[in-house]
Amino acid sequence: MSFDSAQFKRLERAGYNRIGPRYLAAAGARSGLAAALLAAARLAPGQRVLDLASGPGLLARGARDVVGDGGLAIASDISEGQLACCPDLLRVAADGEALPFADHSFERALCGLGLMFFPDDQAALREIRRVLRPGGRLALSVWGLASEVPLVETALACMRRLLPPPKVARPSIFRFGDADELARRLAGADYCDIEIQPCRFAASFSDAGAYWQGFLDIAGGAAESLSRLPAERQRALAAAVGEDLAPYAVAGGFELTSTVLVATARPV
């Protein structure tokens, strides 16, 4: 069976719709990442800003506060359930690989932990370039290498240990975790002045159950797939993840420090 990008998108959309406001609560623990990306974007009053894969709108809301009444900040996501979490923002449900905006509509584009979920990353990057004005700026973040992201990789390792391999492999969420590879992908989509910096953050959990629920609250399509497993298999995964968490044990629970890459670039 070959990879079906349309089916992949449907699964991701269903997963993030399922998560709903729980993703907003989980995202709060990563507020430092949002601050780093917004700083890298070099926003200014009066700018027009598009936030792709916006989820509950943390970046769009931060951008709106900077650009002010003379500017514009739009939250865009494939998941209507996520956009429902930010009714205070201008929102557009859209596929990032086919944006419903005119050429050169924005001075800034943001994409926080989203590029990995576009099956055709080059199509998405070209669409972003199309809607950016000359001299505009893209600021995005992606997960680092799997070995540097225990927040996610610990749960995935448990799933690989207990579940059969998927019939069709999903695009790896760590595929841009190497800075050189990310730079190549951006350059291949006609971006220049590429700068990439690592950003580390820690997440703490009181016990293995709290970690597993925290993973489900950010996992999108993976959470949707897990929800379709028999209840006993879901319980077995939640119980077994403690074994994988053992290296991160601290007094009072577990602490996992992960790496995200923050990149900026301009259209050629």
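Predicted model: local features only at pLDDT ≥ 70, side-chain atom pairs only at ≥ 80, totals over all residues.
Residues are numbered from 1 along each chain as its sequence is written. Local features need pLDDT of at least 70, side-chain atom pairs count only at pLDDT 80 or more, totals for chains, interfaces and linings use all residues, and side-chain values use heavy atoms, with hydrogens and water left out.

Me: Why are H7 and H9 called roughly perpendicular to each other?
Reply: The axes of H7 (residues 150-162) and H9 (residues 208-216) cross at roughly 100°. Angles of 65 to 115 degrees count as roughly perpendicular, so H7 and H9 are given that name.

Me: Which residues make the contact of H7 with H9?
Reply: On H9 they are Tyr211, Trp212 and Phe215, and those on H7 include Pro150, Leu151 and Met159. Contact means heavy atoms within 4.5 Å. Nine residues of the contact are nonpolar, one is polar and none is charged.

Me: What makes the buried residues of H4 line one face of the helix?
Reply: The buried residues of H4 (residues 58-67) are Leu59, Ala60, Gly62, Ala63 and Val67, where buried means under 20% relative accessible area. Down the axis of H4 they fall within an arc of 160°, so they line one face. They pack against helix H3, strand S1, strand S2 and strand S4.

Me: What makes a set of residues a nonpolar core?
Reply: Its members are buried Ala, Val, Leu, Ile, Met, Phe, Trp, Tyr and Cys residues joined through side-chain atoms within 4.5 Å. The largest such core has 71 residues, and Phe215 is among those with the most contacts inside it. Strand S8 gives the most to this core, with seven residues. A second, separate core of twelve residues includes Leu59.

Notes: Axes fitted to C-alpha atoms, helices over the stretch in contact; angles between N-to-C directions. Helix = DSSP H or I, 4+ residues; strand = E, 2+ residues; numbered from the N terminus. Parallel < 35°, antiparallel > 145°, perpendicular 65-115°, else oblique. Nonpolar A, V, L, I, M, F, W, Y, C, P; charged D, E, K, R; others polar. Buried < 20%, exposed > 50% of the residue type's maximum accessible area, 1.4 Å probe, protein only. Arc of directions from axis to C-beta.
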